[in-house]
Structures are given as C-alpha cells and as structure tokens.
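Let's take a walk through the aromatic side chains of this structure. Have the sequence and the 3D view open as you read.

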Amino acid sequence: MGNYYIPAKYLLSHILDVNILDPVKITSKTIEIGTKYSPEFVCTPFKYTLGTLIENIEKKSNILIQAGGGCKYGYYAELQEKIIKDLGYDVIFINLVSQGKTDFKKIYHEFKKIDKNFNIWSSLYYLFITTKMIRYMDKIDNYIRHNIGFEIDKNDFKNTNQEMLNAFLKTKGFFDLFKIYKKYNKKIKKIKVNKPKECLKVGIIGELYTIMEPFSNYFLETELASMNIEITRFTNVHYLLFEKKYKIKKEMKRIKKYIKYKMGADAADNIAHTKYLCDQKIDGIIHIKASFCTPEIGAMPIINKIAKEHDIPVLFFTFDANTSEVGIKTRLEAFHDMIERRKKNEKLLSRN
Amino acid sequence: MKNCYLGIDIGSISTKAVIIDDENKIILSTYIWTEGNPISSTKNLIKKIKGKLPNQYIIKGIGTTGSARKLIGLMLDANVIKNEITAHAIGTLSIYPDTKTILEIGGQDSKIIIINNEVITDYSMNTLCAAGTGAFLSSQAERLKINIEDFGKYAISSNNPVKIAARCTVFAESDLIHKAQMGYNKEDIIAGLCKSIVLNYLNNLSKGKKIEQRIVFQGGVSKNIGVIKYFNEILKTQVTVDENSHLMGALGIAILAKQNKTNKIYNLDLLNVKFETKGFECNKCSNNCEIIKIYKENKLIDAWGSRCGRTFNDENNVKS
C-alpha cells in the first residue's frame with residue numbers, strides 16, 4: 001500500500017530471521033488476478049490485496065502476513081487464506097487480525113514457529129522505531145501534498161522523498177532515524193515552490209485503502225497536483241493506528257449535530273473531516289471509496305448534507321476494478337473548472 | 001470575410017457539430033451517428049460542413065468536447081479541448097442566461113448541473129454504469145422493434161405506464177420482459193420505460209440537490225417527448241427543452257473556441273489525410289500502461305497513457 005512497505009520491511013527484517021522480499025508493485029495484472037479469485041461483490045481492496053498476495057507467492061514468497069481491521073476488512077485475512085490454500089499454494093499465512101481482533105499471543109506463537117530466536121523485547125524496540133518512522137513519513141507526505149502541485153523542478157519532491165525512504169531502511173536506531181528525518185525535512189522544505197497565496201485547495205477523504213494506494217485511485221493526487229491544487233488528506237497509517245483512537249471523541253462532539261453513533265471503519269472520521277474542511281472554507285472536497293464499501297456508503301449522504309449547508313462542492317468517486325480512466329479525468333477536469341470559476345466569482349462578489 | 005468558430009461534440013452515440021459567428025449565432029449545425037468510430041464520423045461530419053458553409057466565412061477556432069475530445073482535438077488541431085460539463089453549461093447559458101438547473105441525458109452518461117449566477121456551483125454525473133441513459137433506451141427500442149424516434153409518441157399515448165424497476169438496467173430489462181409476457185401492451189411498457197429513466201436519473205443524480213427553475217433538459221434523450229412528459233409530471237413543474245437541445249455541448253465548446261481564438265485560420269482539409277491509432281501495452285515497467293499511439297499519414301504525432309512520462313517513437317521502443 002503506497003510506500004508503507006518500507007517501514008513494514010524494516011520492522012520484519014529486524015525482528016525475524018527471514019529473507020524479506022520487496023512486494024511486487026500493484027499493476028493492472030494484480031487486480032486482474034485478484035478479481036479472478038475473489039467473490040464478485042466483495043469490495044475492491046479485497047481484490048487488490050488478494051492479487052498482491054498471489055503475485056508475491058509467484059515471486060517465491062512462502063510466508064504471507066496480512067493485517068486488517070475496522071470494517072469487514074478485519075475478516076478478510078481468513079477468507080484470503082482459505083482462497084489461497086484452495087488454489088493449492090503451500091504457504092505460511094499469518095493473520096495479524098483474526099476474527100476481527102488482534103491476538104498478540106497467537107501472533108507471538110506464530111512468529112516463534114517461523115523463527116526460534118524471535119525475541120519479544122527487541123521486537124518491541126523495533127516496533128517503536130517503526131511507528132516513529134511512519135510518523136515521520138506521514139509528516140513529510142503531508143507537506144509534500146500541500147506543495148507538490150507548485151514545484152518548479154518536476155519530480156524534486158518525489159525523488160527526495162524516495163531518497164529519504166531508502167535512508168530510512170538503513171536506520172540503525174532511534175537517534176539515527178531522527179537525524180535522517182531532520183536532514184531530509186530540511187532538504188524538502190528547501191525545494192523551490194511557486195505557490196500563489198490564493199491557490200485552489202481540495203480535501204480528500206474516504207475509504208482508507210483506496211485513498212492510500214495510488215494505483216487503486218488512478219493516481220488521483222498526481223492528477224490534482226498537475227492542476228496546481230493544494231491537497232489536504234487526513235487518512236494515513238499513523239492516523240489510523242494512533243491518532244484515531246483519541247481523536248475520535250473530540251470529533252464525535254464536533255459532529256454530534258449530524259450523527260450520534262460511530263458508523264464503523266472511518267465513516268465518522270470522514271464526516272468529522274468534512275465538517276473541519278467546510279469550516280476551513282476549503283474550495284472543494286473529493287470523497288473516494290471502493291465499490292461496495294458499506295461504511296462509506298452510509299457516510300455519503302451525511303457528507304453531502306454538511307457540504308450543502310456550507311455550500312462547498314463535493315465530488316464522489318467510486319472506484320472498481322474496471323473504471324476507465326477517461327471518465328475519471330472528465331469529472332476531475334470539470335470539478336477543477338467549477339471550483340476555479342466559483343473562486344473567481346466569489347472574489348468578484350466580495351469586491352463589489 | 002467573416003469569422004466563425006467550429007465546435008464539435010463527439011459523444012458515444014452521436015457526433016454533433018455547430019458553427020457560430022461572432023454573435024454566438026448558430027450558422028449551421030449537423031449531427032451524425034458516431035457508430036463507434038470517432039475518427040471516421042468526424043471526417044464525415046467535416047465533409048458535410050464543408051459543403052454547407054457559406055464562402056464568406058473563415059474558421060478562426062475549433063473546440064472539441066465529449067468522450068473523444070482529446071483524440072479529435074489532436075486530429076483537428078483544436079485550440080480548445082474541454083470536458084462536456086463545462087461545455088454544456090456555457091452553451092445553455094448563452095441561450096438561457098437565467099438557467100438554474102441543467103438536466104442532461106446522453107448516450108452513455110447523464111449529468112445534472114446546478115448553476116447559480118451563471119456559474120456552475122455543483123454537478124454530478126452518473127457513476128459506474130450506463131443505466132438510465134440513451135444507450136439503454138435504444139437497446140430496448142431495438143428489442144421492441146420500434147424506431148427510437150417514435151419512442152416518445154408511443155409513450156405519451158399511454159395513460160397507464162407499467163411499473164419498471166428504475167435502479168438498474170439489468171433489473172429493468174427483466175422487469176420489462178416479464179411485463180410483456182404478462183400481456184401488457186407496447187404503449188404502456190414504453191411509457192413505463194420512459195418513466196423509469198426519469199426516476200433512475202432523479203434517484204441517482206439529484207440526491208440532495210435543489211432543482212429550481214429555470215430547468216433546461218438536454219442531450220439526445222431530450223428529443224423523447226415521453227421522457228419530457230414524465231419529468232414535468234414528477235418534478236411538478238415545466239422543463240425547458242430547446243429545439244437545439246442536442247447541440248448545447250457543441251455550441252458551448254464553439255463559444256469557448258471563440259473566447260480563446262488565435263490568429264490561426266483553419267481550412268478543414270483533412271478528408272484525405274490518413275489518421276490511425278494503435279493501442280498496445282508498454283511492458284517496460286510493472287505499470288503496464290495501455291498506450292495509444294496516434295499516426296497522421298503514418299507518422300507518429302502523439303502517444304497517450306503513459307504514467308511515467310516516457311515518450312515513444314515510431315517503433316514500440318521507448319525513446320527516453
């Protein structure tokens with residue numbers, strides 16, 4: 001999922017004595033394989049992850065680790081394990097989440113089975129480094145997202161970011177990680193941007209997998225950046241793992257006018273973010289989800305309502321395995337035209 | 001000599017062209033079926049236009065819109081290539097400046113555009129499938145063996161439209177077959193279909209949107225008087241349908257071409273120029289992008305679809 005294979009690889013390579021293979025990049029072949037072996041009406045992330053798992057088995061991986069959580073995604077690992085075993089692949093399958101819950105004891109035993117020297121204390125140490133790494137990655141990503149549409153030399157941000165990620169992989173410890181982060185933070189902030197004061201700003205909300213894996217959203221953020229738009233996004237791994245838990249209470253308060261209960265997965269978060277973005281007077285909101293994503297389907301009418309109240313346009317995208325890119329581009333282009341004209345008009349009105 | 005501007009809207013079902021003068025007045029318009037081949041249909045269209053355009057006019061701008069806008073834009077060297085949502089809004093506003101809502105149902109997509117003070121403030125477009133669009137109506141017309149042009153006439157002659165599931169084309173079709181086997185007559189079934197199109201459209205697109213007067217209904221399906229009837233009935237108001245309702249996209253893009261005109265003069269001499277496209281999958285990296293290469297007189301003029309910004313030369317090889 002995006003660049004998050006780097007912290008995952010870092011963690012696993014330090015706690016287990018196994019050879020960690022780089023995951024195969026998601027391509028159109030991945031989704032083809034995934035769709036072939038998935039139940040038809042399952043949501044698209046299931047198809048992507050199943051496709052990725054099978055592609056990795058074909059690249060000679062023999063241990064697969066699947067995480068999950070939130071919605072029905074929490075039960076995907078079991079189903080995928082069964083599909084893969086039914087296909088006749090002989091692999092070890094480790095579910096970080098089983099039956100919707102994380103069972104640390106079970107995971108410990110499974111790791112112990114793979115590697116006899118598996119040590120819980122050193123693993124915890126590396127786990128902390130990894131979470132810090134994710135934090136830094138997401139921080140840098142947020143900055144990049146705000147500015148990448150305005151970079152003067154193309155690919156500056158992308159290349160520097162990649163450099164940083166490669167350096168992260170070789171981190172020796174806490175302090176080293178911090179030093180690398182400081183160095184690249186400086187470097188990235190120094191990249192020249194040509195950002196006008198009143199640029200167009202768009203917030204992206206929606207289902208977590210589709211948001212974080214660029215292939216599955218047809219490189220939506222790249223497309224927006226090429227239109228010189230500043231992008232705000234809340235959903236990232238750090239948010240999901242650490243911030244969500246203690247932020248949700250405050251967020252529920254902010255939106256108590258609209259919903260009373262959490263609606264599963266990130267639905268409540270997205271509604272709260274909609275409210276936040278509307279209060280910030282953002283120019284537009286893009287909501288993306290995979291087909292058949294139930295929590296988000298529930299959230300959409302409420303998001304629509306909030307946006308209507310604040311007179312902020314929302315664009316809804318539903319991505320499936322076969323949405324043609326042309327249709328997406330048409331809608332995005334029209335959205336861009338619309339928010340641009342709205343902004344110009346607002347300026348004219350305020351001047352009069 | 002007078003200036004004029006050509007706007008072409010290449011949709012999935014039909015290709016429309018409009019030529020306007022400096023006052024946005026339509027000098028001539030024409031439309032033909034796309035038949036799945038935008039290049040040849042555009043050529044036919046240009047042939048038709050060329051014969052009809054009075055001699056005193058020179059073309060100072062070309063704009064393209066619709067699903068094949070990029071391809072045809074490249075072929076005609078258009079000065080404006082814009083999405084159909086913007087084009088439709090501009091076209092409609094040039095005729096009805098007080099428009100607040102545009103309902104548009106075309107061949108494979110449908111959209112609703114909300115306008116406030118002549119600026120688009122909201123829009124939505126159908127998502128995954130082509131349910132409730134012209135494509136569905138024309139396939140049903142085929143099944144019932146009647147001309148799509150007569151569809152509306154049949155529909156308004158019925159007082160008792162059959163109930164048909166509006167949500168999904170596949171369900172609608174099985175409903176339709178069952179009702180026909182049960183013995184409902186043709187008029188009632190067609191009326192039911194027209195009603196289901198309207199219900200489907202309103203269910204899918206107008207969620208949470210205020211539909212206010214003036215409401216303009218356009219796109220190919222707006223030629224169907226049955227659908228108009230049910231829009232009026234269900235919205236409990238009167239929708240405006242222009243006599244050129246199918247040409248609004250082309251008109252809008254012609255206006256945009258006028259606004260962005262350069263000094264270039266277009267002469268439409270492409271009838272004998274050979275255009276070809278070739279699609280292939282680039283296997284240079286794991287992205288496996290689908291690349292379309294466009295050839296003019298066997299010379300490569302452009303290639304699209306690469307995600308990494310590679311350029312392609314005449315062979316399948318990669319240049320950089």
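Rings of Phe, Tyr and Trp (its six-membered ring) pair if their centres lie within 6.5 Å; planes under 30 degrees apart count as stacked, over 60 as edge-to-face and the rest as tilted. Over all chains, the structure holds 14 aromatic pairs.

A:Tyr10 belongs to helix α1 (residues 5-15) of chain A and A:Tyr126 to helix α6 (residues 120-147) of chain A, so the pair ties together parts that are 116 residues apart in sequence. Helices here are DSSP runs (H or I, at least four residues), numbered from the N terminus. Both A:Tyr10 and A:Tyr126 are buried, where buried means under 20% relative accessible area (1.4 Å probe, protein chains only), exposed over 50%, and partly exposed in between. A:Tyr10 and A:Tyr126 also form one aromatic cluster with A:Tyr125 and A:Phe174.

Now turn to A:Phe317 and A:Phe319, a stacked pair with 5.4 Å centre to centre and 20° between the planes. A:Phe317 counts as buried at 5% relative accessibility, and A:Phe319 is buried with a relative accessible area of 2%.

The charged end of A:Lys189 sits over the ring of A:Tyr143, 5.1 Å from its centre. In chain B, B:Lys278 lies over the face of B:Tyr295, at 4.8 Å from the ring centre.

This is a predicted model, in which local features need pLDDT of at least 70, side-chain atom pairs count only at pLDDT 80 or more, and totals for chains, interfaces and linings use all residues. Residues are numbered from 1 along each chain as its sequence is written, chains are lettered from A and ligands numbered from 1 in the order in which they are written, and side-chain values use heavy atoms, leaving out hydrogens and water.

Conventions: Helix = DSSP H or I, 4+ residues; strand = E, 2+ residues; numbered from the N terminus. Lys NZ or Arg CZ within 6 Å of the ring centre and 35° of its normal.
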